[in-house]
Amino acid sequence: MNRFAILARSALSSAVGELRMRMPHCSAWASNVYTVIANPGENASKSVRLNWHSDIDGEATHCFYTECSDIHWARAKKATPQQELCTAYDSMYSKTPQGENIHENARFIRNTTELKNLKPGTRSPPPPRAPPKDGETRYFHTAPESGEWSAAIISDFHAYTPLPKRVKSAMAMLDTLEAKNGTHLDAILHVGDIIAWGGCYSFWRNLYSNEHFKNHHWAGINGNHDNMDRTNKRNNKEFFRNTNNNPLNGYDSQEGVCYYFIYGDVLFIMLNNQVMHSDEGLATAQEWVKKVIKKNQRKTRFTVVFEHYPWFLGGNGKTFQYARWSKFFDENGVDLAVSAHNHIYLRTDALYNDQETDGNSGTVYLQTPSTDNERGESINEWIYNKDKIKIRWNEGAKTMGAILLKANSDQLSLTAYDRYGNALDNVIVKAKKRK
């Protein structure tokens, strides 16, 4: 495993010694550093991209990183970030944790850096946390170049500081998945709506202070809630972009919001539904996805696409985004399509040309439930697509569930679990022969 640490310049001379005593590929943070996240690089086996924010009037910050096996930080390296003033969240209408109405004064320095030429497959769990004086250690895994790895898939927990139990429920669900995995998760994948109102900066900052953001790297997509302000009148992808440092390999104007990365044998393509409402927006996105698949198909054994809006409406099974994408997925060899939004778990077997297959061709469509124990939706009479949908599940208004992904070079195994760790469903996605 890797550690990274971010320190203010004024603390360097005293803190570096502490870091080398306490950390391997990780991070430690000065007191004016916050909203820290590790995202995968385009090749997640060899690179990770870091984002953190710091005070405008604070000291300059740097990242120190090394492997966890380097217990004295003797081989630690220093990364100097790119910096920019961020005002995307300034003066946004919000709420305090006590529920009071406010306009947030959120202006800060956004720091980003990419750590390159890392060792693939750093898999050990983090040692007990022992933060240095001027910060704390954070951890991430690098992906294996092939072979076994695991990840959580989670969505729709709508972090909202006046109702802290939402985030507690989501983090507890990740604890459950990690327990069922039997070892430390390699990564966490989210399918959007992790924030109630993306324009409320304090919600992001509070969310990223949780342990699962300190011990893993995250890869996710922009949901409609992540994209909105409190009034839903100032929708902006910059809310999502500025709290992450995703690969800048998306298409025009979507860099860092739409992106792709390779993790082990899997090509992940992450989409932004908010720019695909029109036929023109959809066509632009699909042209980019087609190019990405063609460019990377010889490097990987699986292609997985994430978008927030559901393939089918979970309430009654009616066709939704499936109608816009299924033919494209058939033509371009997409193996797994993951969505969210409905707060209802739903899954098909592999489908090709609207028909079930034996799994040697076609796309498995999967939708995550909500995870905040508060905003689940009702399942109504199952009217549509009974020939395609294999299962629908939720717990009503108070739903908690998520997916454990276990991968190897031959298959992706996806198991849905409830809050108690009961396995609800499993599907296997087979590696297919590439043309």
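This report describes the fold, the packing and a few single residues of one protein chain.

## The model and the chain as a whole

The structure is a predicted model, in which local features need pLDDT of at least 70 and side-chain atom pairs count only at pLDDT 80 or more, whereas totals for chains, interfaces and linings use all residues. Residues are numbered from 1 along each chain as its sequence is written, and side-chain values use heavy atoms, with hydrogens and water left out.

The chain has seven helices and 25 strands, where helices (H or I, at least four residues) and strands (E, at least two) are DSSP runs numbered from the N terminus. Of its 435 residues, 62% are buried; here buried means under 20% relative accessible area, exposed means over 50%, and partly exposed lies in between, with a 1.4 Å probe and protein chains only. The chain exposes about 16900 Å², of which carbon and sulfur atoms supply 45%, an area that comes from the Shrake-Rupley method with a 1.4 Å probe. Among the contacts (heavy atoms within 4.5 Å) between residues at least 6 apart in sequence, 71% join residues at least 24 apart.

Strands of a sheet pair through backbone hydrogen bonds, either parallel or antiparallel.

Strand β9 (residues 108-115) is joined to β6 by five bridges, and seven bridges join β9 to strand β3 (residues 48-54). Thr112 in β9 stands opposite Gln82 and also opposite Asn51, while Arg110 in β9 has Glu84 opposite it. Seven of the eight residues of β9 are buried, so this strand is largely enclosed by the rest of the structure.

## Two nonpolar cores

A nonpolar core is a set of buried Ala, Val, Leu, Ile, Met, Phe, Trp, Tyr and Cys residues joined through side-chain atoms within 4.5 Å. The largest one has 40 residues, and those with the most contacts inside it are Tyr89, Ile154, Met171 and Leu207. Several elements each supply at least two residues of this core, including β2, β11 (149-154) and α3 (201-207), but α2 gives the most, with six residues.

Leu207 touches Phe157, Ala159, Val167, Met171, Ile194, Ile195 and Phe213, if residues up to four places away in sequence are not counted. A second, separate core has 37 residues, among them Ala143, Ile221, Tyr263 and Phe306.

A pair of aromatic rings is described by the distance of the centres and the angle of the planes. The structure holds 25 aromatic pairs, in which the ring centres of Phe, Tyr or Trp (its six-membered ring) lie within 6.5 Å, and planes under 30 degrees apart count as stacked, over 60 as edge-to-face and the rest as tilted. Phe213 and Trp218 form a stacked pair, with 3.9 Å centre to centre and 5° between the planes. Phe213 is buried, at a relative accessible area of 2%, and Trp218 is buried as well, at 1%.

One aromatic cluster is formed by Trp311, Phe312, Tyr322, Trp325, Phe328, Phe329 and Tyr365. The buried residues of helix α7 (residues 322-332) include Tyr322, Trp325, Phe328 and Phe329, and the buried residues of α7 pack against α6 (279-296), β16 (302-306), β17 (336-339), β19 and β21 (364-367). Just after α7, Gly333 takes a positive phi of about 70°.

## Residues in loops

Most residues other than glycine have a negative phi. Asp193, in the loop between β12 (187-190) and α3, has a positive phi near 55° and counts as buried at 1% relative accessibility. Asn353, in the loop between β19 (351-352) and β20 (355-356), also has a positive phi near 55°, but Asn353 is exposed, with a relative accessible area of 55%.

Lys116 is found in the loop between β9 and β10 (138-140). Lys116 and Ala44 are 72 residues apart in sequence and 9.7 Å apart in space, C-alpha to C-alpha. Leaving aside neighbours within four places in sequence, Lys116 is in contact with Lys46 and Ser47.

Note on methods. Two strands pair if DSSP finds at least two bridges between them.
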